[in-house]
Amino acid sequence: MDRADFIHLVRLNEHASAEDSAAYRRSVAGFAALGYLWVVGCFAVAVALLVWTLATMAHGRVKGYHFILLITGAGLLWTSLRALWLRLEAPHGSPITAADAPALFEALARIRKKTKGPAIDHVLLDSSFNASISQLPRYGLFGGATNYLTIGLPLLLAIDKPRFLAVMSHEYGHLRGGHGQFAAWIYRTRLSWMKLEHGMRDDSGVIAMATQAFLRWYFPRFMAKTFALARQDEYEADRIAGKLLGRDVAGAALTEIAIKGRWLNTEFWPLHWGAAAKSPQPVGPFTAMRTLLSQPVVDDFARDALRQSLVQLSDEDDTHPVLRDRLEALKVTKQLPAWSTRPALELLGPSATKWLAHFDKEWCVENASDWKLHHAYLQRVQVRIDTLTASLQRNNADEMAQLGDLKKRLDAKADVRSCYERALQITPGHAGALRGLVGCLPETDFANRIQCLTQLFETSAANKWWACRTAVRMLEKSVAAGNLDDKALKLWRERLKQADEAEQRAWNEMTDTPCFHSIARHDLNDFERGEFESDMARCKPVQRAWLVRKALKEFAYRRCYILFIELPGMADEDRYHLCRSLERTLDLPGPVLVLWAGHSPTLQEIQKYAFDAVYARALR
């Protein structure tokens, strides 16, 4: 099934759900039963075939076709048993008990009582900025389930206790009552079919081919049919969180998590990895994170992060609604929250310090080789800085702008204004120097910053959107402070609107055209490639990466890229989130579309058409 047909089926099921929720749920249950019927039918046919063949062989002359029937029956039995007894991997994390954190477990018990949900069998603590609850089937497609609650330590560091409990209420809401049990059952079934489909993708043989044919027909239709149910369940879980802790608390939790999650990706982690310039040995991040996440996010960054989150649209790649839709469903205002000042880490009690030390140590062990790689790269950056500094009087504009950029990579607060000004003296209107200079000029030097942005807008088509976005952000802040009339703001907003439309056309061209169409080998220079490899090294799930340049009609002059990554052992939903995060945070000299090796494109297609891998994680 191609993507257009899948989206069409999703839309039909969303309409069916809106028109008659009960009938829609019955149809979902019926279609799920069809899958179970296929599995049971295969099992029954296999047993019958084996029994009949063995009985015939025992009472008569053995013929050649009997062995064919035995092989066929055994293959069918093995396939059906794989489906019936499919086991999913338990979530990773460090177990935590009531003895370790009595306050946390008391809070969870209160939430469970109010939601009338089942008991949590295992509570795990991990290093992600997230929380999740999952039910894993004990006996494949049939039987009971084991409940896991996974809590990310950074989440405990970022939000206060009421907002954290709102998150816990949301997660518990997935298991509440009859509707919750049905949704959880469907979710487990989705995971089982995903696991089975992935596991049988490379199998060969007549029976495997027949099974794959059924899965090719059934699996995408089951995923499309259950999509609306899964998304409804997210809204219902939000509603329960709002009911238990208050809609304002639930909404503030969603907003603060969205902003601080972006801050961690774009500000904290680059800063932390930047410490590799001076330290060849890895440094644990969580102790520093404890201090920084408890502080208010800088207003400019927070407003921009919120704006970016609110313009995102829900799509068919993820059952989770986007922030805007969730806030609207809660009927709360879309605005910056009052920042948490007392993190929910206190729920861990005296063991909090122990857990910080534990995850710091674990992070250092897991990232030791990648840290050394990044340290070596930053050393190369320093060598390049020394070389450019030694030839300062002979440098051209590109080299002077590069010198400023490299110094800021080592120290974001470095004074590099003279580098960009020198580049502009050599080549007036140099785009890289203008961008760099805007970031160096003080906020009080409003006129010169706007002048640089105007020049950048007029002379560099590739930088129009950046210039417009930066100018609008500056002018909005100035107008809000009453320091400027809004005529200039209206002008730049109109420019930004036009630039946004052009960017959207370019992005649509990037995503809608075949991913291997109009591509060439990447054009990164040594330093750009070094930074890219460091980004890949920091992204632990990435095993291999292929980077190609994509030629677009909309922006024929711009450097645009497609990144293919191999993410073994991850669920597709987690892969989707990781790819979208990389699109926002990768430091490449142009926009990038990130795709994982899976259904489309497959790993074989990537290896065939995307040239050589530009990154491969070293085996430990």
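In the predicted model, the protein chain exposes about 30400 Å², of which carbon and sulfur atoms supply 56%. Buried residues account for 47% of the 620 residues in the protein chain.

With regard to overall dimensions, the C-alpha trace of the protein chain spans about 100 × 55 × 50 Å along its principal axes. The radius of gyration of the protein chain is 28 Å, which agrees with the value near 25 Å that a compact globule of 620 residues would have. The secondary structure of the protein chain comprises 23 helices and nine strands, and of the contacts between residues at least 6 apart in sequence, 75% join residues that are at least 24 apart.

The charged groups were considered next. The protein chain carries 79 positive and 70 negative charges, and the mean position of the positive charges is 3 Å apart from that of the negative charges.

Leu491 belongs to helix α20, the helix that is formed by residues 487-512. The relative accessible area of Leu491 is 44%, and this residue is therefore classed as partly exposed, since that class lies between the limit of under 20% for buried residues and that of over 50% for exposed residues. Between the C-alpha atoms of Leu491 and Val383 there is a separation of 44 Å, the two residues being 108 residues apart along the chain.

How values were computed
Residues are numbered from 1 along each chain as its sequence is written. This is a predicted model: local features need pLDDT of at least 70, side-chain atom pairs count only at pLDDT 80 or more; totals for chains, interfaces and linings use all residues. Side-chain values use heavy atoms; hydrogens and water are left out. Helices (H or I, at least four residues) and strands (E, at least two) are DSSP runs, numbered from the N terminus. The radius of gyration is taken over C-alpha atoms; the globule rule is 2.2 Å times the number of residues to the power 0.38. Buried means under 20% relative accessible area, exposed over 50%, partly exposed in between (1.4 Å probe, protein chains only). Contact means heavy atoms within 4.5 Å. Accessible areas come from the Shrake-Rupley method with a 1.4 Å probe; for residues, only the protein chains shown count as cover. Lys and Arg count as positive and Asp and Glu as negative; His and the chain ends are not counted. The place of a charge is taken as NZ of Lys, CZ of Arg, CG of Asp or CD of Glu.
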